[in-house]
Amino acid sequence: MSLFKSLRVRASQGTQYIADVRTPRPAGFRGRPVISTEPCADGCSACRDVCPTRAIQLEPLRLDLGRCILCEACVDACPAGKIALTPDPRMATAERQHLIVREGGDELAVRASVAFSRIFGRSLKMRQVSAGGCNGCELELNALGNVNFDLQRYGIEWVASPRHADALVLSGPLTSHMRQAVQLAWDAMPDPRFVVAFGACAISGGLYDGAAGVDRSFLDGVAPALYVPGCPPHPLTFVHAILDLLGVA
Amino acid sequence: MSLVHRIAVDAIPSLEVRAWRDELLASRAAGARAITLYGKRHADTVTITAVLQAAGGSLEVSRTTVTVAHGYHELTSAWPALHCFERELHEQTGVRIAGHPWLKPIRFEGQRQAAMDDYPFYKIEGKEVHEVAVGPIHAGVIEPGSFRFMCAGEQVHHLEIHLGYQHRGVEALLLEGDPRHHASLVETIAGDTSVAHTWAYSAALESLAGCTIELPIEVARTVALELERIAMHLASLAGMAGDIGFLQGASTYGRLRTTAINTLMRLCGSRFGRTAVRPGGNGMQLPADLLPEIQASLDLLRTDLALIDERFLTSRTVQHRLRDTGVLSTAQALELGLVGMAARASGVHLDLRALATGAFAALPIEISTQSTGDCFARAQIRIAEIEASLGWLWTTVGQHPAWQRTRAPLPALAPSQLVIAMIEGWRGEVVHCLETGAAGELVHYKVQDPSLRNWMGLAIAVRGNEISDFPICNKSFDLSYCGHDL
């Protein structure tokens with residue numbers, strides 16, 4: 001009997017993996033912002049004033065995806081309709097300064113690294129450490145291994161011990177209480193190794209930039225090799241980023 | 001569906017400390033339960049606020065003011081459910097709480113930050129006794145927390161839970177700037193409970209601003225709240241299935257969770273309900289042409305969940321691993337003041353949705369309880385609640401087939417008021433207490449995630465179990481670290 005029940009469940013499950021992870025633009029997703037070249041009204045600072053993470057600078061209008069939580073407050077506030085959020089999940093970059101979205105700007109992109117491709121292109125083991133993450137980022141990172149995204153197909157997997165890890169994926173704004181644990185995890189990782197900053201909090205402190213319990217000094221000594229924006233980032237944002245960095249698919 | 005209680009600060013009964021203490025204990029004897037207890041320090045004195053829910057359901061607030069040095073005699077021994085509140089009160093204000101059995105800091109905030117690693121855990125001595133320390137970094141992709149097991153052989157004699165690693169300083173941030181502009185921050189207090197927290201925050205502000213919320217907004221918020229409940233219950237079920245090696249459960253519940261969160265994203269733009277609720281309005285929209293897609297998703301969830309639920313609940317491996325594991329009796333749950341889903345799994349009838357207000361007035365939702373209080377009961381509760389929520393959603397979107405986003409800026413907040421707003425999130429009641437000063441400015445903000453009260457339930461449930469059963473026990477409660485640590 002239980003075999004039949006199992007088979008019925010299996011039949012209901014169908015085939016769920018996304019065959020080509022490069023094409024989906026998730027319906028309804030608030031993703032990569034675009035800023036039109038429409039001129040701002042004189043003296044208008046509506047978008048900057050409503051931004052909860054101070055992600056916007058004016059003259060010319062720029063949006064820092066390292067701070068942006070894609071809440072759309074600026075889109076609603078702008079009388080000229082200059083800012084729009086698209087369902088495009090491709091937002092990550094390998095350089096912090098490339099996260100700045102400009103008027104009529106080009107698409108953001110991670111450039112493949114020959115060195116990363118040679119070392120990690122066929123096998124990448126990642127250790128995740130949450131340091132003040134709200135469980136949004138953690139759930140989306142867990143989702144990378146589910147039946148839809150199935151990141152293991154590229155040889156990219158989570159490992160339990162930092163000893164086995166090539167990449168340290170950080171989420172959260174980095175709390176004072178996790179300062180030592182993050183350092184210990186990093187110190188335990190063998191070379192070659194790199195850091196991924198996952199989510200607005202990890203990239204810039206996000207909503208918690210300057211909060212009493214936050215200590216970001218770990219990042220003073222280690223620059224991330226990959227910045228994955230969002231709050232939390234969509235799993236596809238990470239998938240694009242890591243495959244681009246490793247020069248896979 | 002929020003439970004909101006607003007009272008002018010002047011009208012709060014302020015009692016001499018002994019009378020206050022006696023009255024709290026008398027209310028408890030009369031069947032009241034504790035909602036929260038917290039303090040605010042002014043120079044050398046601390047004003048302590050207690051909020052109880054009387055047996056009839058109404059909220060009662062009382063206050064006392066004591067000096068920091070003199071303090072008051074502890075209540076925890078007589079009323080164990082207050083332990084976390086008194087510990088937090090002592091940590092946040094420094095007030096002396098005489099005779100308290102265990103004033104361990106809740107999250108080592110403020111000046112105590114440096115002492116977190118020096119904290120002396122409970123020690124048990126004996127030939128067969130050994131300790132196992134786990135964390136703060138765990139083996140999976142999960143938030144940090146530290147667990148110290150004191151074991152006799154393979155059995156856990158006692159578990160001491162050591163939290164605070166996620167402490168960011170939320171309550172302090174909430175007092176900065178315009179209180180009406182903190183929705184995004186509130187959404188990350190516990191990022192898996194964004195809808196419930198933001199609703200509690202919004203309901204409190206709306207009460208202070210004298211703003212009435214129309215039924216369509218209530219309906220849309222409740223749809224978001226129930227989708228959040230379904231999604232997170234599915235995440236927990238997938239996690240429990242994974243922890244016992246029942247991989248079909250892990251992959252199927254995981255797949256169906258994707259359907260639930262993507263449905264929420266179709267309605268508000270975020271898989272986690274970010275921007276779904278805003279003070280004075282909401283960010284949920286259901287255009288008429290989207291309705292068939294939403295109905296199809298709900299239908300798929302109902303059909304496919306029926307299959308996997310049947311398989312899960314009757315599977316021998318599931319029963320063998322979850323039944324009689326991590327038992328928390330009704331008496332223990334009541335004594336510890338457990339709330340929400342974990343309390344209901346232990347036979348405690350406690351769910352704010354039973355008040356049948358707001359969108360539940362026209363269409364009540366079925367509330368489930370279980371009696372066994374084990375990991376299996378906590379799985380059964382989730383399965384029953386998902387089914388009830390899906391049925392409710394199905395009927396509701398049929399009756400309200402289209403809604404718009406609404407953003408209405410709130411007027412200024414009323415001065416010198418205390419408001420307590422509660423929402424039944426997926427883990428349990430989320431409580432936000434806001435107090436305004438003479439100019440309508442915010443002078444105090446107390447955030448309470450249900451996890452604050454329920455972590456002790458896990459510590460007690462795991463006693464007498466094998467240490468290898470801890471991951472299942474932990475997942476069956478699925479409590480928030482960041483919501484606790486703030």
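Ile7 of chain B stands opposite Leu418(B), which lies in β13(B). That pair belongs to β1(B) and β13(B), residues 417-424, antiparallel and joined by 6 bridges. Strands here are DSSP runs of E, at least two residues, numbered from the N terminus. Two strands pair if DSSP finds at least two bridges between them.

Before going on, the ground rules. This is a predicted model: local features need pLDDT of at least 70, side-chain atom pairs count only at pLDDT 80 or more, and totals for chains, interfaces and linings use all residues. Residues are numbered from 1 along each chain as its sequence is written, chains are lettered from A and ligands numbered from 1 in the order in which they are written, and side-chain values use heavy atoms, with hydrogens and water left out.

Now the sheet. It is open, with 4 strands in chain B, ordered β1-β13-β14-β15, and the pairing is antiparallel. β1 (3-8) and β15 (442-448) of chain B are the edges, each pairing on one side only.

Next, β13(B) to β14(B). They run antiparallel, with 7 bridges. Ala421(B) has His432(B) in β14(B) as its bridge partner. The two strands make a hairpin with 4 residues between them, and Gly428(B) in that turn has a positive phi of about 155°.

On to β15(B). It is antiparallel to β14(B), through 6 bridges. Glu435(B) stands opposite His444(B) in β15(B). This hairpin has 5 residues between its strands, and Gly440(B) in the turn has a positive phi of about 80°.

Last, is β14(B) buried or exposed? Of its 8 residues, 429-436, 8 are buried, so the strand is largely enclosed by the rest of the structure. Buried means under 20% relative accessible area, with a 1.4 Å probe and protein chains only. Glu429(B), Val431(B), Cys433(B) and Glu435(B) point one way; Val430(B), His432(B), Leu434(B) and Thr436(B) point the other.

Technical notes:
Buried means under 20% relative accessible area, exposed over 50%, partly exposed in between (1.4 Å probe, protein chains only).
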